[in-house]
Amino acid sequence: MVDKEPGKYARLAILAGLVEPKSLSELGMFWYNENGRFYKQKARQEIEQAVKNNFLIKEKSKYRTNTEKIILSAYSQINNKELKALLCMFWNHPFSQKTFLCCKAIKQMFNNNPEIAAENKPQTILNTPLILHQLQEKDNDVYNLFVSMQGLEAYTNQINKNADKNMDKEFENLKDKTDWLSNLNKIIKNDKILFKGKNNKLKITNILKK
Amino acid sequence: MSRLRIKEQIEKEENSKIKNIIIGIIIILTAWIVTSLLLKITMTGKIIITIALVLFLAYLVYEWYRVYHK
């Protein structure tokens with residue numbers, strides 16, 4: 001069975017619940033600063049549909065994203081099995097999730113605009129930090145230009161803050177950290193495969209070909 | 001401009017641990033050479049110093065093990 005594409009409110013719930021579950025009220029406050037926004041009939045229907053399609057998991061009154069499914073579906077187009085395994089391993093690590101997929105960072109990635117956030121696919125959220133690492137490695141000037149053009153300063157600052165907070169909590173020891181880093185390095189070397197995809201917000205394929 | 005610092009942080013931590021362990025080993029070897037070969041001390045003294053240095057070396061190896069394999 002093909003899963004139906006989630007609607008706008010379901011997509012926002014998916015983005016906000018990648019790391020921590022959120023209630024409808026918390027979702028409304030988080031995206032719109034309005035308590036009742038996600039209690040609207042349309043929003044509730046979309047969220048219920050997302051629960052049926054297994055994109056969201058209901059935990060009492062809260063909704064948690066099925067992160068594993070989102071990661072798998074985001075990379076379903078990748079044919080290279082080794083790269084796919086690396087990406088899944090990278091994103092299933094609690095440090096990666098808590099650092100890059102925390103709701104604050106995601107909101108800042110889209111300049112706190114829920115409308116823009118809802119337009120983007122999960123690939124954008126997963127690929128942006130990898131793209132940033134890759135650009136930083138390849139060409140610092142291009143990295144700076146890209147961050148400033150896309151308005152990602154607050155996002156990168158948030159990632160650095162999250163990393164500082166989670167570095168000692170989420171890694172067991174230095175070996176765990178260096179394994180994670182070597183995984184990241186292997187992924188960002190695979191630019192040809194990873195960043196060929198169509199990405200509406202982040203048109204950087206030409207920069208990477210430089 | 002805000003750079004992503006995660007890679008740098010991990011690399012810095014790894015380099016600093018390795019550097020400290022290498023410095024520790026160099027100190028042990030130097031101390032052993034000075035005490036056992038250069039200074040004129042009794043055989044018992046040499047044995048005691050060697051044991052102390054071996055214990056220090058064992059501590060460094062343990063630290064290295066603890067860092068990489070909890």
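The model is predicted: local features need pLDDT of at least 70, side-chain atom pairs count only at pLDDT 80 or more, and totals for chains, interfaces and linings use all residues. Residues are numbered from 1 along each chain as its sequence is written, while chains are lettered from A and ligands numbered from 1 in the order in which they are written. Chain A has 14 helices and three strands; these are DSSP runs numbered from the N terminus, with helices being H or I of at least four residues and strands E of at least two.

**Burial and contacts**
- Of the 210 residues in chain A, 35% are buried, where buried is 20 or more other C-beta atoms within 10 Å of the residue's own, exposed is 12 or fewer, partly exposed is in between, and C-beta atoms are placed from the backbone.
- Among chain A contacts between residues at least 6 apart in sequence, 68% join residues at least 24 apart; a contact is two C-beta atoms, placed from the backbone, within 7 Å.

**Nonpolar core**
- The largest nonpolar core has 53 residues, a core being a set of buried Ala, Val, Leu, Ile, Met, Phe, Trp, Tyr and Cys residues joined through C-beta atoms within 7 Å.
- The members of this core that touch the most other members are A:Leu12, A:Ala13, A:Ile14, A:Leu15, A:Leu27 and A:Ile47.
- Helix 1 (residues 8-16) of chain A gives this core its largest share, seven residues.
- At least three residues of this core come from each of domain 1 (8-65) and domain 2 (80-209) of chain A, with domain bounds taken from an automatic or database domain assignment.
- Leaving out residues up to four places away in sequence, A:Leu27 touches A:Leu12, A:Ala13, A:Ala16, A:Lys22 and A:Phe38.

**Sheet**
- Three strands of chain A form an open antiparallel sheet in the order 1-3-2; two strands pair if DSSP finds at least two bridges between them.
- Strand 1 (22-23) and strand 2 (56-59) of chain A are the edge strands, each pairing on one side only.
- Four bridges join strand 2 to strand 3 (residues 62-65) of chain A in the antiparallel sense.
- A:Ile57 has A:Arg64 as its bridge partner in strand 3, and A:Leu56 has A:Thr65.

**Helix 11**
- Helix 11 (residues 153-170) of chain A has 18 residues and reaches 25 Å from its first C-alpha to its last, close to the expected 26 Å, which is 1.5 Å times one less than the number of residues.
- Helix 11 of chain A bends by about 30° at A:Asp164, the bend being the angle between axes fitted to the seven residues ending there and the seven starting there.
- Buried residues of helix 11 include A:Tyr155, A:Ile159 and A:Ala163.
- The buried residues of helix 11 pack against helix 6 (94-100), helix 7, helix 9 (122-138) and helix 10 (140-150) of chain A, together with helix 1 (6-38) of chain B.

**Positive phi**
- Most residues other than glycine have a negative phi.
- A:Asn54 has a positive phi of about 70° and lies in the loop between helix 3 (41-52) and strand 2 of chain A.
- A:Asn112 has a positive phi near 60° and lies in the loop between helix 7 (103-109) and helix 8 (114-119) of chain A.
- A:Lys60 takes a positive phi near 55° in the hairpin of strands 2 and 3 of chain A, which has two residues between the strands.
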